[in-house]
Each structure stands twice: as structure tokens, then as C-alpha cells.
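Here are my notes on the model. Please read them with the structure open.

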Amino acid sequence: MALVFMLLLLMLILGVPIAYGIGLAASFGLLTAAGVNLAVVPQRMFTMLDSFSLLAIPFFVLAGNLMDRGGISKKLIRFASCIVGHIRGGLGMVTILACMLFGAISGSGSAASAAIGSLTIPAMKEKGYDGEFAGAITAVSGPLGIIIPPSVVMVIYATTANVSVGQMFLAGYIPGILL
């Protein structure tokens, strides 16, 4: 086991991409392990990926791209601005609310941060917010999309842990809104 980690560390130091380094180190570990039939490895990999729930992930990515191209980000920002924009410090609250809504629709926190942040960070700087503060608000608001269902992370966790995806979604609404 230590040899596998040393090989992975060596590949990372040499600049090999992480995915290739992990794959090569794992392959080396399987080749050197006693009693491992290598013909079983692809079958097990396919069996782990043969899940109906995992089909949701590419559709979340597609939904995020369609929303970004379709201009939903601007509409969500306008909607959030109508709700909390009139309050002092409202532009920061608009960023949080818009990231929450975008993340809840797309299922991805990083997509929410990128789509909303590209519009609100320049606006916050223009209104006198500090650049680091504007970036911090956007960075903190993005992960709300992971907690509020539907979420890519929840689908992966539920599939891996053999838990109901629906129950995971129900468990995420209240904590996500409270955060």
C-alpha cells in the first residue's frame, strides 16, 4: 500500500495529471497484489457505474449550461434584487440568494458561483464593495447549491451509500435554506 502512495506522489511531483497518476498507481497496485484477477476489474468498474441514479449527473451539467447560455443568471439576479436588493448591503444578499436559486436549479455549486459571480462581483466592486469581500461572498454562496436539492453530490452520495435519493433530497431542503 505504501508503495502505491509513493508511486502516486512521484507521479504528482513529475507533473503527471492527477487522474492518470491515480489510475496508474491503482493499476500498479492491482498488478502487484497477490490473488487479484485482472479480468474482474473492468467488470466491477462497469457494475459500479451501472446505476440509473447516476444518469442525473450529465443532465445537471446540461441544465447548468443551458441556463448559463439562456440568460437565466441575469433573471435570477433581477428576481433576487426585487426581494432583498432594497435592504442596506442588499447586493451581497442578492448574490447569496441568486447563488442559492441557481445552485438549487442546476445542482452544482461551482456552476452557481461562476455564473452568478461573473455578474455580481463587478457590480459589487462598482458599488464600493471590497474585491476580496465580493469574491468571498460569491465563494461562500456557491456551495448552497450542493445542500439544496437536487444536487449532484447528493445523487453520488446516495448511489454510493445505497440510500434513497428522494430521502436525501428531502433531508437537504431545511438545512440549505437555513444556511
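1. L170 counts as exposed, at 65% relative accessibility. Exposed means over 50% relative accessible area, buried under 20%, and partly exposed in between (1.4 Å probe, protein chains only). L170 sits in helix α11, residues 165–178. Helices are DSSP runs of H or I with at least four residues, numbered from the N terminus.

2. This is a predicted model: local features need pLDDT of at least 70, side-chain atom pairs count only at pLDDT 80 or more, and totals for chains, interfaces and linings use all residues. Residues are numbered from 1 along each chain as its sequence is written, and side-chain values use heavy atoms, without hydrogens and water.

3. L170, Y173, I174, I177 and L178 make a nonpolar surface patch of about 600 Å². Nonpolar side chains (Val, Leu, Ile, Met, Phe, Trp, Tyr) are joined within 5 Å, like charges within 9 Å. Areas come from the Shrake-Rupley method with a 1.4 Å probe; for residues, only the protein chains shown count as cover.

4. T95 is buried, at 0% relative accessible area. It lies in helix α6, residues 90–106. Beyond neighbours within four places in sequence, T95 contacts I116, T120, M124, I137, T138 and S141 (heavy atoms within 4.5 Å).

5. How many disulfides does the structure hold? The count is 0, with a disulfide being a pair of cysteine sulfur atoms within 2.5 Å. For C82, the closest cysteine sulfur is in C99, 17 Å away, so too far for a bond. C82 is exposed, at 65%. C99 is buried, at 0%.

Notes:
Patches are made of residues with over 30% relative accessible area and no salt bridge: like charges are joined within 9 Å, nonpolar side chains (Val, Leu, Ile, Met, Phe, Trp, Tyr) within 5 Å. A salt bridge is a side-chain nitrogen of Lys or Arg within 4 Å of a carboxyl oxygen of Asp or Glu. Helices (H or I, at least four residues) and strands (E, at least two) are DSSP runs, numbered from the N terminus.
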